[in-house]
Structures are given as C-alpha cells and as structure tokens.
Amino acid sequence: MARILITSALPYINGVKHLGNLAGSMLPADVYARFQRLMGNDVLFICATDEHGTPAELAAADAGMDVRAYCDEQHDIQKRAGDGFSLSYDYFGRTSNEPNIRLTQHFAEVLEEKGLIEERVEHQVFSIDDGRFLPDRYVEGTCPHCGFERARGDQCDSCGRLLEPTDLKEPYSKISGSKNLEVRETKHLHLLQTKMEGQIRDWVDASDGWPSLAKSIAYKWLDEGLRDRSITRDLKWGVPVTKDGAPRPGFETKVFYVWFDAPIGYIGASEEWAQANGGDWESWWRTDKGADDVTYVQFMGKDNVAFHTVSFPATILGSQEPWKTVDKLKAFNWLTWYGGKFSTSEKRGVFMDQALDLLPGDYWRWYLTANAPEGSDSAFTWEHFQSLINSDLANVLGNFVNRITKYTASKFDGQVPATGEWGEAEDWIAAELEQRLPAIIANMEAMEFRKAASEVRAVWAAGNEYLTKAEPWVKYKSDVDAAAIGVRTGLNLVVLFAILAQPFIPNAAATVLDALGVSEDKRSWQFGDDMKTLLDALPHGHAIEPPAVLFAKIEDAQLAEWSERFGGSQD
RNA sequence: GGCGAGGUAGCUCAGCUGGUUAGAGCGCACGACUCAUAAUCGUGAGGUCGAGAGUUCAAGUCUCUCCCUCGCCA
C-alpha cells in the first residue's frame, strides 16, 4: 500500500474563494485524494487557511473586527464552503495555529544556525497616525514622472514606472489617508537565498514528476538569480520572531512575513491533524521517521509554482534537516470568466458560497473537473455549464440510472434478475470496459483530470449504447429470460458507473450505491481482469430501490437569472 | 517594455519525440427506438490547423518573421 501525501495550495483568509481557486487546486487535489483512497492507498490530504499578513489585518479592520476573531469567522466560512463541495481533507488547519507558529520559529532559528539568515537595516515609510509601517503598496501619492495622483509606492499604474515609496510626491497612507508620514529605519531578517542557489538547482535537476510548466518556471527563477529576501515585517498579526525560543531582541513588534510561514503551514496543519486524530505526522514529513516511502503531491495554480519549487524548498533544504520535499507537482492555469478575469468589484464570477446556493456541490465539481484549466486557461460560461451538466450528468448518467432501475422495478419486481444467458451485447460492453477502465486509471495516475472525466463519461455513454444493443424492453415481449440478462447487466453497470463517479461527484455516487445496496467495502477501484464477474457482481434476487432523479436539468430560465445576477454573456 | 502561455470544426477543447483520408464533447440536420429526466442510439454536414516564408521525401507538429488574445513581472 503506497502512502500519498497530498496538499492543496492554501486559500488566503480574506474572504471566500471563487470557482477559479477551487478549480485550480482544492478540487483537483480532492479528486486525486479520493482516487488514491479508492485504489487502496494510504492518503493524508491536508489543507489550511493562510491567515497572516497585511490584507488580513485590513480586511478585519474593514469588518470592524479584531483580526483573530475575523480569521476565526472566515476560517469557519471557508471550512463550510469546502464541506459544501465535499472536499475530503483529512485536516483543514490554520497557519495561525500553534504548530505552525512553532514550526516557523523552528525553521527560522535553524536557518540562522546554518548561516542562512542575517539582520539587515531597511528604510521604510512609517505612518504616524496609523501607528505602523506601511508596505509599499499601501503608500500612495503623486507620480514624480507623470503626475498621476494615485500612484502606488511600488509602481505607477498610469505610466507603469517602478517606484520606491520615497519617490512619491505628496505621499499619503492608503489605509487612513493620513499624510503624516516619515521614513524610519527598521531591522529585518533576510533569508540568504543566494547562498542556496546551487543546492536548489541540484534539487530541481533531480526532480522528476514535475510537468514542464513547473520546471520551466523554477529554472526561470534560478536563471535570473535568486535574491535574498526579507522574511519579517513590521506587523502585529503573524508569527512572532524568536531567538532561542524567546522574543528576539529588537523584533518584539515584528512578525514573519506571510510567504515564509504559509507553506510551512502544510506541515503545521499535518501536526494539527495528528493532535486531533492521534496520527503520526512525522511519519509523513520526516524521512528519518518513516516518510522516505511517502509520495508527496502538491496542487496549485501557476502563480504559486515559484513558491513551491524555489522559495519553500529553500526553507526546507536550507534547514539541512530530513524533511520530505515534493515529488509530484500539478499546476493549473486559470479558469476565466467568459475569457476574462474573475472580478468581485465588477460583479463578474461566482464565489464558492454563492455557487452552493444555486446548485449542490456535485454539479460544480463535475463541471470544474471536466473543464479544468489543465493545458491552458479555460473559460467558464453559463451556457457551457448548462450544456455539460444537462448532457453529462442529467442525460447520460442520471437518465441511465433512472431508466434501468425504473424498468427493474416495474418488470422485475425490483429485484436483480437471475436468469438469461450472456450474449453478443454483453461481449461488446465487456470489451469496452476492458479497454476503458485501465485508461481511466492511467489518466488519474497521471493527474490528467479532464481526460479522466471524459473517459468516465464515455463509459457512461457506452452503457446507453449497450442498452440499445441488448434492448430488454423488446425481448421482454417474447422471452423474459433474454430481457433479464440485459436488466441484470444494466444494473451492474449502474453500480460500476457510480463507483467510477465517486472521485468526481461523491454525493450522487453514494446515493446510487446506497440505493443499489452496495456495501462500503465493494466500492473500491480494484476492478480485476474479469469483466464477466464485474458485470454480475450484484447478488441475484437482491432488491434494489430506484433512486430519486439524480440531477435536475438546468433550465434556460435559471440560466438567464444567474447570468443577470452574476454577470456573463451580456458583457 | 521584458517574460510566459496560447491562437485547431459554430462553441469548449485533444492532438507525445514531424508520417496513412486532422479528433472528441456540445450544437446542428436526418433517421431509429420508446425502458427512461422530450431522455437514448445511429448516420451526416462542418476545419486551406492565426498569416507568410523556410527546413524536410513528409509539418497542425521543427525554424524565422508578422498579426491577435490572455496572464505574469519589472
């Protein structure tokens, strides 16, 4: 039994994520985790909210809340949204929880011991009225080049030139609008990534199991040359900076920068899992404690690749401790909204909680997997959504389940028929399955989710084709036994289809399997080689219950309403 | 401006290291069937693979130039 550690990129805390975020890391990670479990492997699937940093502080202030309370609330909201999409995390932790704080401090102290961290003095803008240092983006003013009055401290949006906050004329705080600013000296810890360049390059060279997208991004960064990066900030909300376990002198009002502590959150959340469930987190993360046989798979959007292939490895490798590093990495492009960006302010796009108000999670899961932005960006449109759902789920799968179970109920007393002889139609479907089942598994192993979904759909469609060939309703008129084999095979196909559907649409799959009385231990993806056995798995005479209609079709009227409400085709 | 990804049937997308008549789903047309959520099954129409040039016995697949889209970065 293989051991698979799976992490999804951590969703940031300031608000519910939109469907693009879901489609680009959390959902595919879940589909993969479910697949690996069905293959009989030992899976630890971890995610967490990424909670530190200035945006969280500001969002809390906007909400008029204490930042801790704000994060508590938002964490619960994101947790619930994830539950609504049936994301089967073994644990959904928080980067602000104790294990991550301790681990972050540990890594920083170890890195310093290895000579990879040093203190440097910087000059930053301090807002007297706000009582805080301002990150570059939060200082605005008049651009010295073009006179644009709302240039940011890092760049002017009007002329595009790069700026330092001190370049701005008439600078003011974006937070309060105060012009009462001054430049102050402040000390920060810097991670000396330049010293690790060779080590990281060797590690990237040695990594297989990364898609070309990931490798090329990693090499691009390495080729451009790594830079030493400041890993602390003048903020209250974050992981306190320590030295030998006590507050670090001169850093009492500083915390680690969010990009430093966030990826460590993968490990921290694993420890939270262990605390909550009595598991052994070190056996997943420490190669000296059993993790050498673990395969670690990360899921993320393409914007996160550099952090996962260079920055986070710098932390882990730099420690020279035996931590597990990533083996396989799956990166996604963007899901777009009618070809453009999802945008809250322009009311374009759907967020996770809103989506669940419209339809159950399974509908979205199927669409977002079958239309995943794998090879390139892919577009969400209401029209496409409707067409995929109605065709794949309602017509091809849902209707298949419905037609054969209803027929069983009306003509065979709701029992799995025992009679009839295997014939040509059965040979045909068996041959289909023999070829398609391994293809599905191969695509899932390769994390080609679009192709896997398309193969699964093809199997569902083959079921309908089988019924056309077997035509039990015709045979029933002259030879009930000849009809019986078609019905029995059809019912077994329903079971198989639901088993195949589990990683994609777990709730609908469970509904079907429950209705057909398939016990938990008979739902795995170990299909065996003998299709004849697979297609006669249900006990003869076994009573089945036609499930309620699995998927309602999406009507044009609904589409029009949603399109109006969320923006869409009229743009 | 630099970098990256991409431009393939009406739509959304597959097409690996170049090689038989370029594929799928949806949509469309016609036909079949009637067990079923007017669902299903079959057949068919539809593409000078962004433009141009080049390499090659052979290019959607390699090289160059140009046009367009999207994103990232500085």
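Guide: Helix α17 covers residues 506-515, and its buried residues are Pro506, Ala508, Ala509, Val512, Leu513 and Ala515. Buried means under 20% relative accessible area, exposed over 50%, and partly exposed in between (1.4 Å probe, protein chains only). Helices (H or I, at least four residues) and strands (E, at least two) are DSSP runs, numbered from the N terminus. This is a predicted model: local features need pLDDT of at least 70, side-chain atom pairs count only at pLDDT 80 or more, and totals for chains, interfaces and linings use all residues. Residues are numbered from 1 along each chain as its sequence is written, chains are lettered from A and ligands numbered from 1 in the order in which they are written, and side-chain values use heavy atoms, leaving out hydrogens and water.

What do the buried residues of α17 pack against? Their partners are α1 (19-38), α11 (361-370), α12 (382-411) and α16 (480-501). Contact here means heavy atoms within 4.5 Å. After α17 comes glycine 517, with a positive phi near 65°.

Now the core. The largest nonpolar core has 164 residues. Leu19, Trp364, Trp382 and Phe385 have the most contacts inside it. Helix α16 supplies the largest share of this core, 13 residues. Another core, of 11 residues, lies apart from it; Tyr12, Tyr70, Trp237 and Val258 are among its members. A nonpolar core is a set of buried Ala, Val, Leu, Ile, Met, Phe, Trp, Tyr and Cys residues joined through side-chain atoms within 4.5 Å.

Next, a charged residue. Glutamate 426 lies in helix α13 (residues 424-445). This glutamate is buried yet has no salt bridge. A salt bridge needs a side-chain nitrogen of Lys or Arg within 4 Å of a carboxyl oxygen of Asp or Glu. Lys and Arg count as positive, Asp and Glu as negative; His and the chain ends are not counted. Leaving aside neighbours within four places in sequence, glutamate 426 is in contact with Glu421, Tyr466, Ala470, Ile485, Gly486 and Thr489.

Elsewhere, charges do pair. The structure holds 32 salt bridges. In one of them, glutamate 271 meets arginine 102, with the closest N and O atoms 2.6 Å apart. The pair links distant parts of the chain: glutamate 271 is in helix α7 (residues 258-277), arginine 102 in helix α4 (residues 98-113), 169 residues apart. Are the two partners buried or exposed? Glutamate 271 is buried, at 8% relative accessible area, while arginine 102 is partly exposed, at 36%. Glutamate 170 forms a salt bridge with lysine 179, and their closest N and O atoms are 3.8 Å apart. Glutamate 170 is exposed at 52%; lysine 179 is exposed at 57%. Salt bridges also link Glu112, Glu119, Lys187, Lys243 and Arg248 in a network.

Last, the domains. Chain A is assigned domain 1 (3-114 + 261-332), domain 2 (117-191) and domain 3 (361-534). These bounds come from an automatic or database domain assignment. The centres of domain 2 and domain 3, taken over C-alpha atoms, are 59 Å apart.
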